[in-house]
Each structure stands twice: as C-alpha cells, then as structure tokens.
Amino acid sequence: MKIVKRLPFELIFWITALLLLATADIHDHGTGPHFTLCPLANMGFDWCPGCGIGRSIAHLLQGNFEESFKQHWFGLPALLILCSRIVTLIRLNLKNKKVLNLKYKEERYV
C-alpha cells in the first residue's frame, strides 16, 4: 500500500482509465441510455467534438483498428499522448526516488 501512496494521482488515474477502456464492453453502446461525464451531452446537446474518443481508444486497445477510426479519428493520437504521459510520470517518479535515496544516503554518511 505504501507504493500506491507514493505514486502520483495522475499516473494512477491514467493507468486505471486505460485498463477500464481495455476491458469495456463497447458493443453495448447505443442500445439504450448510458452514463456519461460529457458536459455537453449532460446539457442536452446531441453533438460533441470529443464524442467517441473513449470508444475509439477502447476499440484500439481491443485490436479493432477500423472500428476505432470510425468512432473518432483522434483515438490513436489520444492513446499515444496518454501513453507518453504515463511514461513521463513513471520516469519522473523514478528520478525523484533516486534523488530522495541519494539525499538519504548522504545524510547517513555525513
């Protein structure tokens, strides 16, 4: 549990989001009302510029590249951006741990 407390919230959030999208049942969308966090959809608008990006990423993670592009053209770039951010957060976290460990070792020997 100590490891999770030391990880940045953003890193946990993005990894969890991608895991949920990878395991989502995307074939049930459109068969009835569904929960959405989209503020435009919740205000009653039928169109949103980001509508379908989540489903597009889910299709990509499940290997359906053609269907992914049909859902939203920005799915692949969005997935690459998220993966890049995850790698950056992991690198920063590892770098900070090394710096902290080095400071601790210096204090111990001085």
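Which residues do ring pairs link into a cluster? They are Phe9, Phe13 and Trp14. I will come back to them after some background.

This is a predicted model, in which local features need pLDDT of at least 70 and side-chain atom pairs count only at pLDDT 80 or more, while totals for chains, interfaces and linings use all residues. Residues are numbered from 1 along each chain as its sequence is written, and side-chain values use heavy atoms, with hydrogens and water left out.

First, the overall layout. The protein chain has six helices and zero strands. Helices here are DSSP runs of H or I with at least four residues, strands are runs of E with at least two, and both are numbered from the N terminus. Read from the N terminus, the order of elements is α-α-α-α-α-α.

Of the chain's 110 residues, 18% count as buried. Buried means under 20% relative accessible area, exposed means over 50%, and partly exposed is in between, with a 1.4 Å probe and protein chains only. The chain exposes about 8,800 Å², and carbon and sulfur atoms supply 66% of that area. Accessible areas come from the Shrake-Rupley method with a 1.4 Å probe; for residues, only the protein chains shown count as cover.

Now the rings. Searching the whole structure gives three aromatic pairs. Phe13 and Trp14 have ring centres 5.0 Å apart and planes at 75°, so this pair is edge-to-face. As for the cut-offs, rings of Phe, Tyr and Trp (its six-membered ring) pair if their centres lie within 6.5 Å; planes under 30 degrees apart are stacked, over 60 edge-to-face, and the rest tilted. Phe13 is partly exposed at 43% relative accessible area, and Trp14 is partly exposed at 25%.

Trp73 and Phe74 also form an edge-to-face pair, at 5.3 Å centre to centre and 75° between the planes. Trp73 counts as exposed, with 56% relative accessibility, whereas Phe74 is partly exposed at 28%.

Trp73 also brings us to an annotation. An unreviewed UniProt entry places a "transmembrane region" at residues 73-94. UniProt positions are in the numbering used here, feature names are shortened, and annotations may be inferred rather than shown by experiment. In the model, residues 73-94 are 91% helix and 0% strand, with the end C-alpha atoms 34 Å apart.

Next, the core. Which residues make up the largest nonpolar core? Its nine residues are Leu11, Leu18, Ile57, Leu60, Ala78, Leu79, Leu82, Ile86 and Leu89. A nonpolar core is a set of buried Ala, Val, Leu, Ile, Met, Phe, Trp, Tyr and Cys residues joined through side-chain atoms within 4.5 Å. Helices H2 (9-23), H4 (53-61) and H6 (75-109) each supply at least two residues of this core, and H6 gives the largest share, five residues.

Leu82 touches Trp14, Leu18 and Ile57, not counting residues up to four places away in sequence; contact means heavy atoms within 4.5 Å. Leu89, in helix H6, is buried, with a relative accessible area of 7%. Leaving aside neighbours within four places in sequence, Leu89 is in contact with Glu10, Leu11 and Trp14. Leu89 and Pro8 are 81 residues apart along the chain, yet their C-alpha atoms are separated by 7.7 Å.

Finally, contacts across the chain. Among contacts between residues at least 6 apart in sequence, 52% join residues at least 24 apart.
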